[in-house]
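These are my notebook entries on one protein chain. I set down what I looked up, in the order in which I looked it up.

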Amino acid sequence: MIETRIYVGLNDAVEKKQIFETDKYLRILREVCYAYRTPFSFDVLEGGYFHKNGDYTQETTLMLTLIDAKRETIDEIAKDLCVFFHQESVMITENPVRSYFVSESLQR
């Protein structure tokens, strides 16, 4: 199985700052994943990076995790998030994972 993560910064590509509250971006993220009918999880991260010109930026980033999603679906979700969050780009990472489910029930 492949674990795919899509990292989406929340600073606007033009304004260079976060325009909306994080909760609004989370609602959009949920709606996008629901529209593609794909299971997902996400984390809200704080991070920073350097631009090619040396400028440093700190921002809130959403990390969307998808397990064994189709490449076409991943790319479409990434493109939608770029547009909806007004981003220049988003970063996608892929890693092989071993996953399994464990369940237990309490008997009364």
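**Entry 1: overall fold.** I began with the terms: helices (H or I, at least four residues) and strands (E, at least two) are DSSP runs, numbered from the N terminus. By this rule I found two helices and four strands in the chain. Read from the N terminus, their order is β-α-β-β-α-β. I noted that the model is predicted, that local features need pLDDT of at least 70 and side-chain atom pairs pLDDT 80 or more, and that totals for chains, interfaces and linings use all residues. Residues are numbered from 1 along each chain as its sequence is written, and side-chain values use heavy atoms, with hydrogens and water left out.

I then looked up the extent of the chain: its C-alpha atoms fill a box of roughly 60 × 30 × 25 Å along the principal axes. Contact here means heavy atoms within 4.5 Å. Among contacts between residues at least 6 apart in sequence, 65% join residues at least 24 apart.

Entry 2: I recorded the accessibility classes: buried is under 20% relative accessible area, exposed is over 50%, and partly exposed lies in between (1.4 Å probe, protein chains only). Of the 108 residues in the chain, 30% are buried. A nonpolar core is a set of buried Ala, Val, Leu, Ile, Met, Phe, Trp, Tyr and Cys residues joined through side-chain atoms within 4.5 Å. In soluble globular proteins, nonpolar side chains tend to be buried together.

Which members of the largest nonpolar core touch the most other members? Among its 18 residues, they are I6, L62, L64, I77, L81 and F85. At least two core residues come from each of strand 1, helix 1 (22–35), strand 3 and helix 2 (71–84).

**Entry 3: aromatic pairs.** Rings of Phe, Tyr and Trp (its six-membered ring) pair if their centres lie within 6.5 Å; planes under 30 degrees apart count as stacked, over 60 as edge-to-face and the rest as tilted. My search of the whole structure gave four aromatic pairs. Y25 and F85 are edge-to-face, with 5.0 Å from centre to centre and 80° between the planes. Y25 belongs to helix 1, while F85 lies 60 residues away in the loop between helix 2 and strand 4 (91–96). Y25 counts as buried because its relative accessibility is 4%; F85 is likewise buried, at 3%.

Why is the pair of F40 and F42 called stacked? Their planes meet at 15° and their centres are 6.4 Å apart, so the pair is stacked. F40 is partly exposed at 32%, and F42 is partly exposed at 23%. I also noted that ring pairs link F20, Y25 and F85 into a cluster.

**Entry 4: I67.** I located I67 in strand 3. I67 is partly exposed, with a relative accessible area of 39%. Not counting residues up to four places away in sequence, I67 touches M1, I2 and E3.
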